[in-house]
Amino acid sequence: MQIREHAEATPDKPAVILYPSGKTVTFGEMEAGANRLAHLFRQAGLREGDAVAVLIENNEHFHTVLWAARRSGLYYVPINTHLNAAEAAYIIENSAAKAVVGSAGLRETLAGLAAELPAMPPLLIITDGQLDGWQSYPECVADQPDTPIDDEIEGDLLQYSSGTTGRPKGIKRELPHLPPTEVPGLMAGLIGFWMTPDAVYISPAPLYHTAPSVWSMQTIAAGITTVVLEKFDAQGCLDAIQRHQVTHGQFVPVMFTRMLKLPAEVRNSYDLSSLKRVMHAAAPCPVEIKKQMIDWWGPIVDEYYASSEAIGSTLIFAEDWLTHPGSVGKPMMGALHILDEDGNELPPGQAGEIYFEGGFDFEYLNDAEKTAKSREGHGWKSVGDIGYVDEEGYLYLTDRRHHMIISGGVNIYPQEAENMLVIHPKVMDAAVFGVADDEMGQSVKGVVQVVDQADATEEFAEELLVWLRERLSHYKCPRSISFEEQLPRTDTGKLYKQELIVKYSPATAG
């Protein structure tokens, strides 16, 4: 499905509603805007396989820009809006973008690009503002036709990793070289049976991330009104669900935690009865947190496991999760293999690296070595996650390979301790990681964000350690706990642990 069909059938139906501003873009407006911008791309010389960098916060122009690029055969490259000019310039140069579309809200970052790039892309567009050397949108397309370009051809997302373990890497797939009408979206099959056109979908995360951009593009393609949070706020999310009678949504576990930590009287003051199903992914969800969500919202909390590389995926519905708590489901795309460090397939119950057979092919842009490391002898692909399957074939995630702590020769996956810590009523968020230790090689360190800063005391740290040791084997528990007002977590829930490792390592700890 494409937005053109809905623009013709229901031109005044909202395609996107922004919360809390209430700004709305109809299907008719989005279709016309995407066509005008596609004409400008062609006029500027952009052709199939070229890239457009998109540096826009969650606003009314984001999806129109992506649709313009997608129907022009271009790679669209959403850039993290929190990056500085140098970091954004790296992605623009690495992707060889021939155009940048940025927003007035990020004017300072846009203005700084010239000092960071050897040569600026030939087409520079700023939405809702002015900047020397940049064309102002939408004024710059006012005289362009609102009809389709003559040579429409399908483009694709070129997503950059979050960079939690180094510089971001571009994840590039071969273009289909087909007209848009002949190419289904990445999530078309799932969305097609999970939602109906009269659904109202909520997208609470920043759109520059893979799942929010892919899911929201596909829901819009299916004619579904999509409510986009301009910025996630736990109480605001509940208000948006109530106000717009949201039926479906896609969340990450840290959002669940933040909503659950709201006072009960606040949580219970919102009518969420419109919700039919919600999905979550992006990071492992602690079992107790998910149980609390199901107790609150009902058995409608489904889950999938996938990656930006789209090498494969699993799916589990809430009903099945209740009989297999902690599982991320069975394969939905691609066959699943669990391998040890020597590449041997492991039996059920034994944890190893997760590989998928099948799925989409991809390359890490300009990094043949990293691309090769993601494959094994059969051509199966991995992104470095660790897990195991049970006797029924359900997958359980253990942790990321690079998060593993080796203490005294014992492998420790910190996710288990993190999951336990966040269920403590006084804990908002937690990170557990390894720091250098002369005797053990590494020791386990914990850093916690509390709900109330008054609890960030040595006394509570000791109390929390005792509480944790009553619930986990001692070797898995941190030797000490420190406090941070805010943990360095991405908007989709991934921790930048390296910042904490540097801060709390013995050589640098103050």
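Biologist: Which residue does Arg36 form a salt bridge with?

Modeller: Asp146, with the closest N and O atoms 3.8 Å apart. A salt bridge here is a side-chain nitrogen of Lys or Arg within 4 Å of a carboxyl oxygen of Asp or Glu. Note that this is a predicted model, where local features need pLDDT of at least 70, side-chain atom pairs count only at pLDDT 80 or more, and totals for chains, interfaces and linings use all residues. Residues are numbered from 1 along each chain as its sequence is written, and side-chain values use heavy atoms, with hydrogens and water left out.

Biologist: Where do Arg36 and Asp146 lie in the chain?

Modeller: Arg36 is in helix α2 (residues 27–43) and Asp146 is in the loop between β7 (135–137) and β8 (156–157), 110 residues apart. Helices (H or I, at least four residues) and strands (E, at least two) are DSSP runs, numbered from the N terminus.

Biologist: Is Arg36 buried, partly exposed or exposed?

Modeller: Partly exposed, at 26% relative accessibility. Asp146 is also partly exposed, at 40%. Buried means under 20% relative accessible area, exposed over 50%, and partly exposed in between (1.4 Å probe, protein chains only).

Biologist: How many salt bridges is that by this rule?

Modeller: The count comes to 22. One of them joins Arg173 and Asp156 at 3.4 Å, N to O. Arg173 is buried at 5%, and Asp156 is buried at 14%.

Biologist: What about Asp239 and Arg243, how far apart are they in helix α8?

Modeller: Four residues, about one turn of the helix. Their side chains meet in a salt bridge of 2.9 Å, N to O. Asp239 counts as buried at 15%, whereas Arg243 counts as exposed at 52%.

Biologist: Switching to rings. How many aromatic pairs are there?

Modeller: The structure holds 12. Rings of Phe, Tyr and Trp (its six-membered ring) pair if their centres lie within 6.5 Å; planes under 30 degrees apart count as stacked, over 60 as edge-to-face and the rest as tilted. Phe251 and Trp297 are edge-to-face, 5.6 Å centre to centre with 65 degrees between the planes. Phe251 is in strand β13 (residues 248–251) and Trp297 in helix α11 (residues 287–297), 46 residues apart.

Biologist: Why is the pair of Phe433 and Tyr504 called tilted?

Modeller: Because their planes are at 45 degrees, with the ring centres 6.5 Å apart. Both residues, Phe433 and Tyr504, are buried.
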